[in-house]
Amino acid sequence: MSAATRELFAAEARSERPDLALLCLLLAAEADPELDERAMDWAQMELDRLAGMLPYGLRGPKAWAAAVTDLLGGRMGFHGTPKDYERLESSLLHEVLRRRRGLPILLSVVWLEVARRAGAPVYGLGLPGHFTVGFGDPEEGVVVDPFAGGASLGAGPAELARGPRTPARTLDIVLRVLGNIRVWASARPEQSAVALWSLDLSLLLPSHPAALRYERARLLVERGSFQAGAAEMDAYAVVMDAVDPQAATRIRAEAASARALLN
């Protein structure tokens, strides 16, 4: 991703109503150098095309859920498999649109964006270890699982039954997508560059866990950027002074150890 594209990502994330599809495409540009403006336009038009295939005059959450599932999970064949967790492409929106395969959250992004364009009362619902899509009133609406082709969950999993069902905010979805990418990369040491850009983009979001700064500092050290990593550890230690002085002391010691590796 170029500096200009990162600026677009940061600006969109700070806009009054961030565009979920655009943010997912901009972050995908980090992984795919061929994802230029023309390719992003294709992805947006594909979402528009799919939305245009939904029937008119739908009323009620059950009708919307059935129609979107019939289109995306049925006729278009969008769904996920266990092997999709092994592929970075499963976290990239344009690849999910092309392959019609992906992780639960990216398939949910497709469901959300297609349904939203058609006027559906739709929202994302993040469960522990899974992501789904709801239609209608979050407290009473229909919940479907795009990873399973749109299978209805009803009141299914215990997480749903306990409630409340809080719709996921756009930036929370983006942060979770980036987190999935980081998890994928962390299991593959040769992909540390992917972990680094996923952290960089996470830190561009207006709200993110402060601990990501420390995670980035450690990753820099692991990649051999000892001085830069140590400097970021020191900066994070200043933040930690106010909440956990003992942790701040440990982090400063870790920074000193990183600098010692320069000798």
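**Exercise 1. Determine how far strand S2 is enclosed in this predicted model, and describe its place in the sheet.**

*Step 1.* In the predicted model, 6 of the 6 residues of S2 are buried, so the strand is largely enclosed by the rest of the structure.

*Step 2.* Consider the two faces separately. In a regular strand the side chains alternate between the two faces of the sheet. His130, Thr132 and Gly134 are buried on one side of S2, and Phe131, Val133 and Phe135 are buried on the other, so that both faces are covered.

*Step 3.* Examine the pairings of S2. With S1, the antiparallel pairing extends over 6 bridges, and leucine 127 has histidine 130 in S2 as its bridge partner. With S3 (residues 142-145), S2 (residues 130-135) is joined by 3 bridges, again antiparallel; here glycine 134 has valine 143 as its partner.

*Step 4.* Inspect the turns. The hairpin of S1 and S2 has 2 residues between the strands, and glycine 129 in this hairpin takes a positive phi near 75°. The hairpin of S2 and S3 has 6 residues between the strands, with a positive phi of about 90° at glycine 136 in the turn.

*Step 5.* Helix H4 (residues 61-75) lies across S2 and S3, and runs at about 15° to S3.

**Exercise 2. Identify the central members of the largest nonpolar core by their contacts with other members.**

*Step 1.* In soluble globular proteins, nonpolar side chains tend to be buried together. Here the largest nonpolar core has 67 residues, of which Phe9, Leu72, Phe78, Leu93, Val110 and Phe135 touch the most other members.

*Step 2.* Take leucine 72 as a case. Neighbours within four places in sequence being left aside, leucine 72 contacts Leu50, Gly77, Phe78, Val110, Trp111 and Val114.

*Step 3.* A second, separate core has 13 residues, among them Ala217, Met233, Ile251 and Ala255.

**Exercise 3. Classify the aromatic pair of tyrosine 214 and tyrosine 236.**

*Step 1.* The structure contains 2 aromatic pairs. In the pair of tyrosine 214 and tyrosine 236, the ring centres are 5.6 Å apart and the planes are at 10°; the pair is therefore stacked, since planes under 30 degrees apart count as stacked.

*Step 2.* The pair links distant parts of the chain, 22 residues apart: tyrosine 214 belongs to helix H10 (residues 211-222) and tyrosine 236 to helix H11 (residues 226-241).

*Step 3.* Tyrosine 236 is buried, with a relative accessible area of 7%.

Technical notes: Residues are numbered from 1 along each chain as its sequence is written. This is a predicted model: local features need pLDDT of at least 70, side-chain atom pairs count only at pLDDT 80 or more; totals for chains, interfaces and linings use all residues. Side-chain values use heavy atoms; hydrogens and water are left out. A nonpolar core is a set of buried Ala, Val, Leu, Ile, Met, Phe, Trp, Tyr and Cys residues joined through side-chain atoms within 4.5 Å. Buried means under 20% relative accessible area, exposed over 50%, partly exposed in between (1.4 Å probe, protein chains only). Contact means heavy atoms within 4.5 Å. Rings of Phe, Tyr and Trp (its six-membered ring) pair if their centres lie within 6.5 Å; planes under 30 degrees apart count as stacked, over 60 as edge-to-face and the rest as tilted. Helices (H or I, at least four residues) and strands (E, at least two) are DSSP runs, numbered from the N terminus. Two strands pair if DSSP finds at least two bridges between them. Axes are lines fitted to C-alpha atoms, for helices over the stretch in contact, and angles run from 0 to 180 degrees between N-to-C directions.
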